[in-house]
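The sequence and structure are shown first.

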Amino acid sequence: MWWRFVKAVRKRQHRVAPTTWVAAIAAVVYTFAPIDLIPELVLGPLGFVDDIGVWGIFAILFAREQRRWLADLEQK
C-alpha cells in the first residue's frame, strides 16, 4: 500500500501538502546536521529522543497524506 502511494506521488496523481514536504526535508536535515537540541555525545541514547520526535512528526504527516490519498481513491 505504501509503495502505491509513493508511486502516485511520483506520478503526480496525488498532491502532497507543503507542510509534509517541509517536515520531510526538516527531518532529513535535522538528522544529519551537526547542531542538535539534545546531543547524543553528552547524553548517549537519550540524545536520540529529539531525532525520533522529528521523524515521528513526519510519520504522522505522511500517514495523513496516505489517508487523504485513499479517500480520494474511494471517491473515484
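Arg-12 counts as exposed, because its relative accessibility is 77%; exposed means over 50% relative accessible area, buried under 20%, and partly exposed in between, with a 1.4 Å probe and protein chains only. Arg-12 lies in the loop that connects H1 and H2. Although Arg-12 is not a glycine, its phi is positive, at about 60 degrees.

## Basis of the model

The model is predicted: local features need pLDDT of at least 70, side-chain atom pairs count only at pLDDT 80 or more, and totals for chains, interfaces and linings use all residues. Residues are numbered from 1 along each chain as its sequence is written, and side-chain values use heavy atoms, with hydrogens and water left out.

Helices (H or I, at least four residues) and strands (E, at least two) are DSSP runs, numbered from the N terminus.

## Helix H4

Helix H4 covers residues 49–75, 27 residues in total. From its first C-alpha to its last, H4 reaches 39 Å, close to the 39 Å expected at 1.5 Å a residue; the expected span is 1.5 Å times one less than the number of residues.

The buried residues of H4 are Asp-50, Asp-51, Phe-58, Leu-61, Glu-65, Gln-66 and Trp-69. They pack against helix H1 (2–10), helix H2 (18–32) and helix H3 (40–43). Leu-70, also found in H4, counts as partly exposed because its relative accessibility is 28%. Between Leu-70 and Met-1 there are 9.7 Å in space, C-alpha to C-alpha, and the two are 69 residues apart in sequence.

## Packing of H2 on H4

The angle between H2 and H4 is about 155 degrees, and their axes are 9 Å apart. Axes are lines fitted to C-alpha atoms, for helices over the stretch in contact, and angles run from 0 to 180 degrees between N-to-C directions. H2 and H4 are therefore roughly antiparallel (angles under 35 degrees count as roughly parallel, over 145 as roughly antiparallel, 65 to 115 as roughly perpendicular and the rest as oblique).

Residues of H2 that meet H4 include Ala-23, Ala-27 and Tyr-30, and those of H4 include Trp-55, Phe-58 and Leu-61. By class, this contact of H2 with H4 has 11 nonpolar, three polar and four charged residues. Ala, Val, Leu, Ile, Met, Phe, Trp, Tyr, Cys and Pro count as nonpolar, Asp, Glu, Lys and Arg as charged, and the others, Gly among them, as polar.

## Packing of H1 on H4

H1 and H4 pack at about 80 degrees, with axes 11 Å apart, and are therefore roughly perpendicular to each other. Trp-2, Arg-4, Phe-5, Val-6 and Ala-8 of H1 make the contact with Phe-62, Ala-63, Glu-65, Gln-66, Trp-69 and Leu-73 of H4; contact means heavy atoms within 4.5 Å. By class, the contact of H1 with H4 has eight nonpolar, one polar and two charged residues.

Within H1, Ala-8 is buried, with a relative accessible area of 1%. Leaving aside neighbours within four places in sequence, Ala-8 is in contact with Gln-13, His-14 and Trp-69. Ala-8 and Trp-69 are 61 residues apart in sequence, and 8.7 Å apart in space, C-alpha to C-alpha.
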